[in-house]
Amino acid sequence: MDTITVRLRASATASAPALLLRPWNPADADDLVELYRDGALRRWTSATVADADGAARWVREQQEGWEAGERFGLAVVEPRASGDGERLVGHVVLKRPTPGSPSAEVGYWTAAHARGRGVAPRALLALTDWAFTAFADDGLERLELLHQVDNTASCRVAQKCRYELSALLTAAPPDFPLDGHLHARMRDV
Ligand SMILES: CC(C)(COP(=O)(O)OP(=O)(O)OC[C@H]1O[C@@H](n2cnc3c(N)ncnc32)[C@H](O)[C@@H]1OP(=O)(O)O)[C@@H](O)C(=O)NCCC(=O)NCCS
């Protein structure tokens, strides 16, 4: 998969600008450190980004994921209100460690300052459409999404993107200290 060519777009809403989804690059590291000061992000995601080194490492992992063809992370950005450049507002990722597998997993987060504006659902819908198209010939049929039971905001994102609740998951500490939901969306026929 050629990272350079992947650019996805999501339309504007009445109250929020259009989104661009593009590969992460090292210049995003400083913004990433700022965003990861948010407690919700640290609580609900498995990554740890505590400082500039951690952010650089995290961006490198995204790039390596594309090169290995196993993990396809995209930064979600929107134009600044001033019209001057872009602002980082989130992240979406497709995790598919086994080429040819009929299923893969998606993940996402939104910057604290951008929550409640439909960033995650719009970005996830763009990623979902892209994944089912890009991996159609490689047998991708099902996308899965996991969240802890008390992450009601994430459950709403799943519902808005037509990822149906398909199983209740038992807690598996330390990564999943509470029970969870498995949502899934099948390729449209
Ligand atoms: C879950 C998350 C990605 C939702 O992103 P988002 O771009 O705010 O999505 P939406 O705008 O569609 O809002 C989803 C829900 O968040 C809640 N919400 C609304 N405004 C909010 C705000 N300002 N701050 C926090 N949550 C808010 C509402 O329950 C909303 O559902 P509703 O539209 O039915 O009212 C975001 O809250 C987040 O990044 N959380 C931390 C990381 C995380 O949980 N990732 C998912 C791991 S499974």
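Predicted model: local features only at pLDDT ≥ 70, side-chain atom pairs only at ≥ 80, totals over all residues.

Trainee: In which sense do strand 6 and strand 8 pair, and over how many bridges?

Mentor: A bridge links residues on two strands, so look for several of them before calling two strands paired. Here strand 6 and strand 8 (residues 180-186) are antiparallel, with seven bridges. On its other pairing, Glu144 of strand 6 stands opposite Glu105.

Trainee: Which residues of strand 6 are on the covered face, and which are on the uncovered one?

Mentor: Read the two faces separately. Leu143, Leu145 and His147 make up the covered face of strand 6. Arg142, Glu144, Leu146 and Gln148 make up the uncovered face.

Trainee: How do strand 5 and strand 6 run?

Mentor: Strand 5 and strand 6 (residues 142-148) run parallel, joined by three bridges. Ala104 has Leu143 in strand 6 as its bridge partner. Now follow the chain between the strands. Strand 5, helix 4 and strand 6 form a β-α-β unit, and it is right-handed.

Trainee: Why is strand 5 called largely enclosed?

Mentor: Count C-beta atoms around each residue; 20 or more others within 10 Å make it buried. In strand 5, six of the eight residues are buried, so the rest of the structure largely encloses the strand.

Trainee: How many bridges join strand 4 to strand 5?

Mentor: There are six, and strand 4 (residues 86-95) runs antiparallel to strand 5. For an example, find Val93, which stands opposite Gly107 in strand 5.

Trainee: What do strand 3 and strand 4 form?

Mentor: They form a hairpin, with six residues between the strands. Nine bridges join strand 3 to strand 4, and the two run antiparallel. In that pairing, Val76 has Gly90 of strand 4 as its bridge partner.

Trainee: How many residues of strand 3 are buried?

Mentor: Seven of the nine residues of strand 3 (residues 71-79) are buried, so this strand too is largely enclosed by the rest of the structure. Strand 3 also pairs with strand 2 (residues 19-22), antiparallel and over three bridges. There, Arg22 has Ala75 in strand 3 as its bridge partner.

Trainee: What does Val92 touch?

Mentor: Set aside residues up to four places away in sequence. Val92 then touches Leu21, Leu74, Val76, Val106, Tyr108, Ala123, Leu124 and Leu127.

Trainee: Why does Lys95 count as partly exposed?

Mentor: Lys95 has 15 C-beta neighbours inside 10 Å, so it counts as partly exposed. Its place is in strand 4. Beyond four places in sequence, Lys95 is in contact with Arg71, Ala104, Glu105 and Gly107. Lys95 and Arg187 are 92 residues apart in sequence, and their C-alpha atoms are 16 Å apart.

Trainee: Where does Ala134 lie?

Mentor: Ala134 lies in helix 4. With 14 other C-beta atoms within 10 Å, Ala134 is partly exposed. Ala134 and Arg185 are 51 residues apart along the chain, with 16 Å between their C-alpha atoms.

**Ligand shell**

Trainee: Which residues come nearest to the ligand?

Mentor: Begin with the nearest, then ask which elements supply the rest. Of the 22 residues around the ligand, Trp44, Arg115, Gly116, Ala120 and Ala153 come nearest. Helix 2 (39-44), strand 5 (103-110), helix 4 (119-134) and helix 5 (152-160) each supply at least two residues of the shell. Helix 5 gives the largest share, six residues.

Trainee: What is the shell made of, by class?

Mentor: Sort the residues by class. The shell around the ligand has ten nonpolar, eight polar and four charged residues.

Technical notes: Residues numbered from 1 in each chain as written. Near = placed C-beta within 6 Å. Helix = DSSP H or I, 4+ residues; strand = E, 2+ residues; numbered from the N terminus. Nonpolar A, V, L, I, M, F, W, Y, C, P; charged D, E, K, R; others polar. Contact = placed C-beta atoms within 7 Å. Buried ≥ 20, exposed ≤ 12 C-beta atoms within 10 Å, placed from the backbone. Right-handed = clockwise from strand over helix to strand, strands pointing away.
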